[in-house]
Every structure is written in C-alpha cells, then in structure tokens.
Amino acid sequence: MKEKFSLQKVGKRPLVFLYAFIYLPWFLTLEHCVKQYYLIECRLDYIIPFCEYFIIPYLFWFLFVAMSFVWFLFFEDDKLFYRFAGVMFGGMTIALIIYTVFPNGIQLRPNLDASKNICTWLTSLIYRTDTSTNVFPSLHVYTSAVIGMFFMRSSLHERKPCICHGICVVSLLIISSTVFLKQHSVLDLAAGFSMAWALCHAVFVEEEEKQAQNSHQSTGRRRRPVLR
C-alpha cells in the first residue's frame, strides 16, 4: 500500500521522543564519569587498517538516523512506527545498562596529523569530543543495522526496493566506519549487530508466523479434493 505524507496521521507519535530526556543525561553522565573500564579489543582490531575517509559515513550517521525517524514518523503506519521507535530506544537503553554495570572502552586510536587533510581533521575533532569509553555494544552499529532491517519491512520497500537496498549499503558503510576509524573494536561491532538482529527478530517473528499460517491456510483452501 502506498503511504502518503500526512500531518493528521502523526497524532501522538512525537511523544516517543521524550525518551531523549532519559537517554541524554544518562549517556553524558557515563561519558564524563567513567574513568576505569574494561578494555575491549581483539587481534583483528590490529589487522584492520585505519582509514580516515570513513569519517564521511561515520558522520553521516547523525543525518541517517534523523531522516529515518522522519520517514517512519510521517510515511508509515502506527504499528511500524512504534515498533521502530521501540526497538531503537529499547536497544539504546540496553546499551546504557551495559555501560553502567560493565564500564568498557578501547585504546585503539592512532596519533593523527590533523593537518593532513579534511578527513583527518574531522576525525581528530571526533576524538577530542567523544571519549573512548562506552563502546560495547556500538550504538552506531546497532542503530544503523536496525534502520536497514526496518526499511526492508517498510512500504518504501514494496514500491522502491532499490532505494531500500541502497539504505542497507549505507548502513553497512556506517557499520564498517566504526572499526576503520578505530572508534570501536570488532567486538563492539559484533555485539551491536547481534543485538539489532535479536530485537528485530523478536519483534517480527510473531508477524512472520501469522503470515506463514495464513499462507498455508490459503493454499489449503485452494487445493481441491481428488476424486477417486
């Protein structure tokens, strides 16, 4: 079904963004208070090379998340929007709980020459403003994976599957940027993606079972008895 832009359908949906008043103080407190943490790293982290050009998809994440919420807010039905918001905010809360009870961080960042090019300058800016703590699981990875999975369930996928496949490519680039910029360990990436898959699967498994059951019943009704 084709979804059209409508302010009337928005209703009380924006109220979900009040979650920011929970998330931001909690996250910022952890960012400034965590001094001792468990080191997250693996051998693969030292094999993957640093590449400053991945700062482009890394920074695009902020716009990517905002644009995704705009789409689901204005163009999808209530059921999909609230599922999307619930999975996004639910996973973010789980991550905050993990950061609180299991303080963690990385020591993978290289020494940068900020004057080398615009990308190294932007990366050094991120290094200065974003601490190397609260990394497992990666929220960059988690939210990007959730966005890709939900767009594959959206009305946009029914009409323009190529666009949704492009969104998934962008998600993968953002996910990859976390390890190429040494902002996260491969372990952070794996944890973020696993959490995204698990929560999305939990949300959609019931719907998939119903669709399979309806399909089976429909096939059974079309089958004619064999006369002997």
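The legends below describe close-up views of a predicted model. Local features need pLDDT of at least 70 and side-chain atom pairs count only at pLDDT 80 or more, while totals for chains, interfaces and linings use all residues. Residues are numbered from 1 along each chain as its sequence is written, and side-chain values use heavy atoms, with hydrogens and water left out.

**View 1. The largest nonpolar core.** This core (buried Ala, Val, Leu, Ile, Met, Phe, Trp, Tyr and Cys residues joined through side-chain atoms within 4.5 Å; buried means under 20% relative accessible area, exposed over 50% and partly exposed in between, with a 1.4 Å probe and protein chains only) has 44 residues, and Val146 and Phe150 have the most contacts inside it. Two or more residues come from each of helix 1, helix 3 (55-75), helix 4 (78-101), helix 6, helix 8 (161-180) and helix 9 (186-222), where helices are DSSP runs of H or I with at least four residues, numbered from the N terminus. Helix 4 gives the most, with 11 residues.

**View 2. Surroundings of Val146.** Leaving aside neighbours within four places in sequence, Val146 is in contact (heavy atoms within 4.5 Å) with Phe84, Val87, Met88, Ala196 and Cys200.

**View 3. The loop residue Thr131.** Thr131 lies in the loop between helix 5 (118-129) and helix 6 (139-151), and it counts as partly exposed because its relative accessibility is 29%. Beyond its neighbours within four places in sequence, Thr131 is in contact with Glu31 and Arg109, and Val34, 97 residues apart from Thr131 in sequence, is 9.7 Å apart from it in space, C-alpha to C-alpha.
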